[in-house]
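Trainee: I've got a new model to look over, and I'd like to go through it with you. Let's start with how its elements are named.

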Amino acid sequence: GLVTSITAAFAFLLVTLLARRDRQTAEVADANRRLEEAQRVGQIGDWELDLATGVMRWSPQLFKMYERDPAEGQPVLSDFEACLDEESRKVVQDAISSAVETGESQSYEVTARLPSGDQSERLVSAIPIRGAEGQVVGLYGTDQDISARKKLDRLEAKLTHLSRLEAMNAMAATLAHELNQPLTAASNYLV
């Protein structure tokens, strides 16, 4: 009877622990699904860089954003830099150097050339990862496509400029009209 009771208690404990594990696994899977959907909607991906090897780890969304096939494997830093224009490569190198030297987070904008030929403007945030001795051994962060926002900013600036030109044209027309009346009267008086 004692062995049966111990076996039943152990079985109950095992079933309870397995149910808890299954529930936690489902919760983690649901959280990952929501994270992937949020990254897709926000056009943002996450990444991690091992400074010793140069190997990067990209999220599935980042692979889509850079039009890269995940079957090619995780990229290395030089693969990422190959997607950038010359000025952006310098910005990335300076940000990495600054993060390593200061240990502070970095935020910067880059322009990427995608395999489809499109250009994409990105806002990248990099946060240092410290090793056991406190030195920076890697970086992790986010990469967000801000092309639409940048295009909107350029259009707003152009609209503001055109509005100013229109206001200046209206002022010039009003001034011309106001000056024309006295000049016409003076001209008629002289004739």
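Mentor: Helices are DSSP runs of H or I with at least four residues, strands are runs of E with at least two, and both are numbered from the N terminus. This is a predicted model, so to speak of local features we need pLDDT of at least 70, and side-chain atom pairs count only at pLDDT 80 or more, while totals for chains, interfaces and linings use all residues. Residues are numbered from 1 along each chain as its sequence is written, and side-chain values use heavy atoms, with hydrogens and water left out. With that naming, S88 lies in helix α4.

Trainee: Is S88 buried or exposed?

Mentor: Buried means under 20% relative accessible area and exposed over 50%, with partly exposed in between (1.4 Å probe, protein chains only). S88 comes out at 5% relative accessibility, so S88 is buried.

Trainee: Which residue has its backbone nitrogen 2.8 Å from a polar atom of the S88 side chain?

Mentor: Here we look at the S88 side chain and a backbone nitrogen. At 2.8 Å, that nitrogen belongs to T111.

Trainee: On to the rings: how are the planes of W58 and F63 arranged?

Mentor: Rings of Phe, Tyr and Trp (its six-membered ring) pair if their centres lie within 6.5 Å; planes under 30 degrees apart are stacked, over 60 edge-to-face, and the rest tilted. The structure holds 3 aromatic pairs. For W58 and F63, the centres are 5.5 Å apart and the planes sit at 65°, so this pair is edge-to-face.

Trainee: How many residues apart are Y66 and F80?

Mentor: Y66 and F80 also pair edge-to-face, at 5.8 Å centre to centre and 75° between planes. Y66 is in the loop between α2 (60-65) and α3 (77-82), while F80 is in helix α3, so to speak of distant parts of the chain: they are 14 residues apart.

Trainee: What lies over the face of Y66?

Mentor: A charge sits over a ring if NZ of Lys or CZ of Arg is within 6 Å of the ring centre and within 35 degrees of the ring normal. Over Y66, at 4.2 Å from the ring centre, lies R122.

Trainee: How much space lies in the largest cavity?

Mentor: On a 1 Å grid over the protein atoms alone, a cavity is a set of points where a 1.4 Å probe fits but cannot get out, and lining residues have an atom within 4 Å of a point. Of the 15 lining residues, those closest to the centre are W47, M56, F80, Y108 and V124. The space in the largest cavity is about 110 Å³.

Key
On a 1 Å grid over the protein atoms alone, a cavity is a set of points where a 1.4 Å probe fits but cannot get out, and a pocket is an open set with protein on both sides within 12 Å along at least five of seven lines; lining residues have an atom within 4 Å of a point. Grid points are joined across faces, edges and corners, and a volume is the space filled by probe spheres set on the points. A polar contact is a pair of N or O atoms within 3.5 Å; within protein, one must be able to donate a hydrogen and the other to accept it, and residues adjacent in sequence count only if both atoms are side-chain atoms.
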